[in-house]
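Here are my notes on this model, point by point. Please read them with the structure open.

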Amino acid sequence: MTNPVQTLTKSVTVNDNPFMKPVEWLSLFLLAGVILVVLPLMLDGFRLNLVGKYLTYAFVALGLVICWGYAGILSLGQGVFFGLGGYGMAMYLKLEASSIENTKIQSTPGIPDFMDWNQITALPWFWQPFKSLPLTIVLAVAVPVLFAMLISFAMFKRRVGGTYFAIITQAIAAILTILIVGQQGYTGGINGITDLRTLHGWDIRTDSAKFILYFVNGGLLIACILAAQYVKKSKLGRILVAMRDKEDRVRFSGYSVAGFKVFAFCFAAGLAAIGGAMFTLQVGFMSPSFVGIVPSIEMVIYAAVGGRLSLFGAVWGTLLVNWAKTSFSESFPDLWLFGLGALFIAVVLAFPNGLAGIWREHIEPRLTRRAKSLQAPEPAIVPPHGAPAE
Amino acid sequence: MNAAILPSPVVGAEAAPPDYLLAVEALTVSFDGFKAVNDVSFYVDPDEIRVIIGPNGAGKTTVLDLICGRTKASAGSIKYKGQELTKLSESAIVQAGVGRKFQTPSIYDDLTVFENLEISFPRGRSVFGALTFKRDAEVRDRIHAIAETIFLKDQLKERAEFLSHGQKQWLEIGMLLIQDPELLMLDEPVAGMSVGERIKTAELLNQIIKGRSVLVIEHDMKFVEDIAHRVTVLHQGKVLSEGSMDRVKNDPKVIEVYLGH
């Protein structure tokens, strides 16, 4: 510590690739502060639960930042993974709500009510694992990720990409919706899986449970931001950027491009699934209306508005669009879709990097300029090297 | 743990080591019936510098594309150190030790010079390897050393997009250098450069071709004469002539189709 020059050069070499830059730490604390402190203090239970619901979409938007923003893989089918995660959790909750005691008026007690209405007399095999909570938690993420792996491996191995990939993901979203709606006896059909009550005996419908789930959700979101930050910051993150730019060239740097794309897509699917499971817990039901094309595209808009290259931007974008959606559609329900469309066009035309882009290009430079002008006289005050300050 | 990462010793090492580093035999590729490369055979020795020349459309770049796996051969074989390359993916060919520089500078615009070089560093090439890759002293030192060689040590933190055309070419050469291939393929390395850049590049190439085999496509005859051990002349997808520069230069067939005008 005696030679200031030495410490300076040392800190430069050590910190040339920090996990997060100071401004990113600041953004994280700001976001965590708003989600975990400010909003719970400001909002009543109903509104807080609403924010909790919005934040489950933020998981999807985070995944899209990695998958779309970084890797350049546009998926218009994130609702599939959100839905699969949500359905996994809903199946567990539904089975718990369908105890023999609760369903004794049914012709087959002990199975979910909609199965009974559809003349199904035994629990289907794929519902069996969802009797166990640990297994449900694993499957709610593993099933969507494996499904994503299957889709993306099949396509990326054959070098299908770009628009074709986006269209196929959209088709899958449509197919899954139709499948869920059509197989009413196994899935609850268009109504989805409703009337969910307890999680391992803990009533999730009470205000206190909702309050706790909000914080669990917020904490998970912060953890997922850190995980995404790790991916973004790793060499893998830079390979994704390189791939987005020159896919062919990456092959000649010795990387198997398909593997990296599959990873990015599966990572996004995993995050979406966590969001879906948390959605079911907080909102208390799951239905095909969160699986199809429209919600999938809305999720892309959240990421686009927030900024597809910014993890924090994606969360803010999700909150903002959903807040606008709620307040707008409360007064003008018919106009909301036009508003959403206009927003998307505005983002694409006027600010392609979303809110985060506006921050980075217009606000941050001004702040740093101001900070510099404040700091400028400082070096003169600092005593020359080696002076014993204390 | 370490044993799994290190390349395993070659199984069946008792077999005689291949004489040639690269053996291209009866290589043919046809695009909708048009044979861009037709029954081409040539052999490259270890440490040899081979230049491929020929008029436009002779199939020079296609031969490189075939070797590095970008184009799949219709028939024939390409053996690199006894290993058949025609069935491997592009990345597996790179990992086997074949590096390629493209005709137009092919670098990652959105990344810095440092990151461009880092991506080419031959470690952590699997998905999980890349996820857990550490930018340690070895990586840093190597990148700094190479940046010095390619005249870009002051540009390490700059985005590659903002480099000049010549600097981009150097960066790509640096990316190959850090990859440390045993067989280096260069497609017109001095094309489109200013005179000053050309001289510096020739000097750079002379430095990096030591200790490896090099396959070069070049039109600049002065440059070819300077570096080539042997020359292969392609014409309409076929080998027209092969041998030392002197021999090739005096071959009447070559003079007729290529050097004559």
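1. Of the 390 residues in chain A, 42% are buried. Keep in mind that this is a predicted model.

2. Next, the overall build. Chain A holds 17 helices and two strands. Its C-alpha trace spans about 90 × 50 × 45 Å along the principal axes.

3. Contacts reach across the sequence. Take the contacts in chain A between residues at least 6 apart: 79% of them join residues at least 24 apart.

4. Which residues touch the most other members of the largest nonpolar core? They are Ala61(A), Leu62(A), Leu64(A), Val65(A), Ala264(A) and Ala273(A), in a core of 173 residues. Helix α12 of chain A, residues 257–283, gives this core its largest share, with 19 residues.

5. Look at Leu64(A) in particular. Set aside its neighbours within four places in sequence. Leu64(A) is then in contact with Gly69(A), Gln78(A), Ala268(A), Met299(A), Val300(A), Ala303(A), Arg308(A) and Ala314(A).

6. Now the annotation. An unreviewed UniProt entry places the feature "transmembrane region" at residues 25–43, 55–84, 133–156, 163–182, 211–231, 252–279, 299–323 and 335–359 of chain A.

7. Two of these segments deserve a check against the model. Residues 211–231 of chain A are 100% helix and 0% strand, with end C-alpha atoms 31 Å apart. Residues 55–84 of chain A are 77% helix and 0% strand, and there the end C-alpha atoms are 17 Å apart.

Methods:
Residues are numbered from 1 along each chain as its sequence is written. Chains are lettered from A and ligands numbered from 1 in the order in which they are written. This is a predicted model: local features need pLDDT of at least 70, side-chain atom pairs count only at pLDDT 80 or more; totals for chains, interfaces and linings use all residues. UniProt positions are given in the numbering used here, feature names are shortened, and annotations may be inferred rather than shown by experiment. Helices (H or I, at least four residues) and strands (E, at least two) are DSSP runs, numbered from the N terminus. A nonpolar core is a set of buried Ala, Val, Leu, Ile, Met, Phe, Trp, Tyr and Cys residues joined through C-beta atoms within 7 Å. A residue is buried if 20 or more other C-beta atoms lie within 10 Å of its own, exposed if 12 or fewer, and partly exposed in between; C-beta atoms are placed from the backbone. Two residues are in contact if their C-beta atoms, placed from the backbone, lie within 7 Å.
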